[in-house]
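Me: I've got a protein model open and I'd like to go through it bit by bit. Can we do it as questions and answers?

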Amino acid sequence: MDLDTFAADLDALRERALAAVAEAIDPATLDVVDAAYLGRKGELRRLLSGIGALPVADRPRVGAIANPTRQELEAAIATRRERLEGIHMDVRLAGEAEDVTLPGRPLARGSLHPLKETEREIARFFARYGFVPYESPEVETDELNFQALNIPPDHPARDLWDTVYVVPPAGQPVEATADRSRWLLRTHTSPGQIRALRELEPPMRVLTPGRCYRYEATDASHGSEFFQVEGLMVDEGTSLAHLRGLLDEFAHHLFGADRGTRFRPGYYPFTEPSVAFDIACVVCDGAGCPACGRTGWMTILGAGMVHPVVLRNGGLDPERYQGFAFGMGVDRITMLRFGVPDLRAFYANDLRFLERF
Ligand code: PHE
């Protein structure tokens, strides 16, 4: 072995190493190449370990020949590693990339239930005339739901309200007969009248919205649960004309300024006189069609002057105070507003229906 042979072997090693570095396609392969040529048991070490065969005078020159090659190879590997790691990162980022130009996912936006929307619209209207919300409970006594409203236990008018009776709340006395302390689910919001009369001072204007219950079969226009809004105004000199004017405004607000209206005689034990308030049919506009029973009119609420007995039961002197009251079905008014033919749709909780409001 002489120095020229050593230099030729080193050059061949260099060529092979550079080719292997160029062919390495990922950092792991490059590590293998690095170890194979420059490692502790690599080819360069092996070549250098052969210098014992060189003449003694040539040995010092080996380092001068071999070191530039080692540095060149180290640099080539470092450059290649940087390159491969860059590519590796690019590939990874490309795989994880978000397309920021894609449209966002839509947020599901809630809306009020149509019955609640109508209830609020009614409340907004009457608030303009000074009516304030007055809450009244859903579980009531026979006394407030009926008797204080001038409906004694065996009164035939009870047939107007088929009633769901309930077990009394804990601690309340249970009585065998339909007497004052019998508990029930309110059949209308009118017991709110008694509570308001007893709690507040005239002049008063209150509006009581809420859920009511009747023991009856469900069909397209009747539910065993439904919603009412009750109105009550009490003052000195309150008259039927005030009621008429207010309800006219109300009908025009909800169903259009040209909507025809009328009062018809009605009957409720707790008002005298009692009226049914009609609007011109929202389908045929008064001409007569199946929706209005060919009368041209639709009843939207019951009302009347508060009966003197009721005022007295509420603790007021009917000689001094007069009042009017009205009660309407929110379900029916919502059906008429939006042209919904079957009120069961309001309780089915089908989002395809509810999302249309
Ligand atoms: N409470 C009556 C009903 O449920 C409606 C009504 C309220 C009538 C107030 C007159 C006065 O049918």
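This is a predicted model: local features need pLDDT of at least 70, side-chain atom pairs count only at pLDDT 80 or more; totals for chains, interfaces and linings use all residues.

Me: How far does helix H4 reach from its first C-alpha to its last?
Reply: Helix H4 runs over residues 59-96, which gives it 38 residues. At 1.5 Å a residue, the expected reach is 56 Å. The model comes out close to that, with a reach of 56 Å.

Me: At which residue in H4 does a kink lie?
Reply: Look for the proline Pro-68 in H4. Shortly before Pro-68 there's a kink of about 30°. The residue where this kink lies is Ala-66.

Me: Which helices do the buried residues of H4 pack against?
Reply: Start with who is buried in H4: among them are Val-62, Ala-66, Thr-69, Leu-73 and Ile-77. The partners of the buried residues of H4 are helix H1 (3-23), helix H2 (27-38) and helix H3 (43-48).

Me: How far apart are the C-alpha centres of domain 1 and domain 2?
Reply: The domain assignment gives domain 1 as 3-96 and domain 2 as 114-354. Between their C-alpha centres, the distance is 96 Å.

Me: Is the aromatic pair of Phe-126 and Phe-250 stacked or tilted?
Reply: The model has 15 aromatic pairs. For Phe-126 and Phe-250, the rings are 5.0 Å centre to centre, with 35° between the planes. Stacked would need planes under 30 degrees apart, and edge-to-face over 60. That makes this pair tilted.

Me: How many residues apart in sequence are the parts that this pair ties together?
Reply: Phe-126 and Phe-250 are both buried. Phe-126 lies in helix H5 (residues 114-127) and Phe-250 in helix H8 (residues 240-255), so the pair ties together parts whose separation in sequence is 124 residues.

Me: Which residue has its charged end over the ring of Tyr-165?
Reply: There's a charged end 3.7 Å from the centre of the Tyr-165 ring. In another case, Arg-244 sits over the ring of Phe-263, 5.0 Å from its centre. Over Tyr-165, the residue is Arg-182.

Notes: Residues are numbered from 1 along each chain as its sequence is written. Side-chain values use heavy atoms; hydrogens and water are left out. Helices (H or I, at least four residues) and strands (E, at least two) are DSSP runs, numbered from the N terminus. The expected span of a helix is 1.5 Å times one less than its number of residues. The bend at a residue is the angle between axes fitted to the seven residues ending there and the seven starting there. Buried means under 20% relative accessible area, exposed over 50%, partly exposed in between (1.4 Å probe, protein chains only). Contact means heavy atoms within 4.5 Å. Domain bounds come from an automatic or database domain assignment. Rings of Phe, Tyr and Trp (its six-membered ring) pair if their centres lie within 6.5 Å; planes under 30 degrees apart count as stacked, over 60 as edge-to-face and the rest as tilted. A charge sits over a ring if NZ of Lys or CZ of Arg is within 6 Å of the ring centre and within 35 degrees of the ring normal.
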